Amino acid sequence: MEDQIQAVTSLVDSTVDFAVSYGLQIAGALLILILGLRLARWAGSRVTGLADSRGMDPTLGRFFGNVVRFVVMTFVLIITLGNLGVELAPIVAFVGAGALGATFAMQGVLSNYAAGLVLIMTRPFVVGNTIRVQGVSGVVAEISLTSTALTGEDGERITVPNKDIIGQ
């Protein structure tokens, strides 16, 4: 019985020591993370709103808003991990090696993203235009990074991969 009491006392002492040593560091990191994620959401919506108020294409405005949100979130994550004392160099090396392997595995998906980026930047057509591609035609309802959604004559939603649009 006395051994169990000593084990529990040792566990409580270790927990208290950990909380005293790292409690403020963890609380600060969580605060930075929460505020940073809110900042990212706010900055992304501000950029999207600014693009809308300037009359920019809605797809392009959402794209820029998402890019700003992603960049801010990345910096917030790096700052949070650094605040927790995590070494970032091995993480960067791991992410780089993983990205190389993932690139080869996802060539088809990445070609859709690249084609979507080309469509968004060059804007050969915009939301509301009528286009014909891959034997189907319809009014462009949405242009995203991976696909373009069309509304057909009967009101059906037709999704065409962006790499097929760029290919034609």
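User: Before anything else, what does contact mean here?
Analyst: Contact means that heavy atoms lie within 4.5 Å. Please also keep in mind that the structure above is a predicted model.

User: OK, so which residues is Ser147 in contact with?
Analyst: Once its neighbours within four places in sequence are left aside, Ser147 is in contact with Glu142, Thr159, Val160, Pro161 and Asn162. Ser147 itself belongs to strand β3, which covers residues 147-151.

User: And is Ser147 buried or exposed?
Analyst: Ser147 is buried, because its relative accessible area is 18%, and buried means under 20%.

User: Let's switch to the helices. At what angle do α1 and α2 pack?
Analyst: The angle between α1 and α2 is about 165°, and their axes are 8 Å apart. That makes α1 roughly antiparallel to α2, since angles over 145 degrees count that way. The crossing of this pair, α1 with α2, is right-handed.

User: What kinds of residues make up that contact of α1 with α2?
Analyst: By class, the residues in the contact of α1 with α2 are 16 nonpolar, 10 polar and 4 charged.

User: Can we zoom in on Leu37? Where does it lie?
Analyst: Leu37 lies in helix α1, which runs over residues 2-53. With its neighbours within four places in sequence set aside, Leu37 is in contact with Met73 and Val76. Leu77 is 40 residues from Leu37 along the chain, yet the C-alpha atoms of the two are separated by 9.0 Å.

User: How accessible is Leu37, then?
Analyst: Its relative accessibility is 36%, so Leu37 counts as partly exposed.

User: What about α2 and α4, how do they pack?
Analyst: Helix α2 (residues 58-83) and helix α4 (residues 107-122) pack at an angle of about 120°, and their axes are 9 Å apart. The two helices, α2 and α4, are therefore oblique to each other, and their crossing is left-handed.

User: Which residues meet there, between α2 and α4?
Analyst: From α2 there are Thr59, Leu60, Phe63 and Phe64, and these meet Leu117, Ile120 and Met121 from α4. Sorted by class, the contact of α2 with α4 has 6 nonpolar residues, 1 polar residue and no charged residues.

User: Tell me about Met121. What does it touch?
Analyst: Not counting residues up to four places away in sequence, Met121 touches Leu60, Phe63 and Phe64. Met121, which lies in helix α4, counts as partly exposed because its relative accessibility is 46%.

User: How far apart are Met121 and Gly155?
Analyst: In sequence Met121 and Gly155 are 34 residues apart, while in space they are 28 Å apart, going from C-alpha to C-alpha.

User: One more topic: how many aromatic pairs are there in the whole structure?
Analyst: A search of the whole structure turns up 1 aromatic pair. The partners are Phe63 and Phe64, whose pair is tilted, with 5.8 Å from centre to centre and 50° between the planes.

User: Why does that pair count as tilted?
Analyst: The angle between the planes of Phe63 and Phe64 is 50°, and planes under 30 degrees apart would count as stacked and those over 60 as edge-to-face, so the rest are called tilted.

User: Last one, are Phe63 and Phe64 buried or partly exposed?
Analyst: Phe63 is buried, because its relative accessible area is 15%, whereas Phe64, at 30% relative accessibility, counts as partly exposed.

Key
Residues numbered from 1 in each chain as written. Predicted model: local features only at pLDDT ≥ 70, side-chain atom pairs only at ≥ 80, totals over all residues. Heavy atoms only, no water. Axes fitted to C-alpha atoms, helices over the stretch in contact; angles between N-to-C directions. Helix = DSSP H or I, 4+ residues; strand = E, 2+ residues; numbered from the N terminus. Parallel < 35°, antiparallel > 145°, perpendicular 65-115°, else oblique. Left-handed = near helix turned anticlockwise from the far one by under 90°. Nonpolar A, V, L, I, M, F, W, Y, C, P; charged D, E, K, R; others polar. Phe/Tyr/Trp six-rings, centres within 6.5 Å; stacked < 30°, edge-to-face > 60°. Buried < 20%, exposed > 50% of the residue type's maximum accessible area, 1.4 Å probe, protein only.
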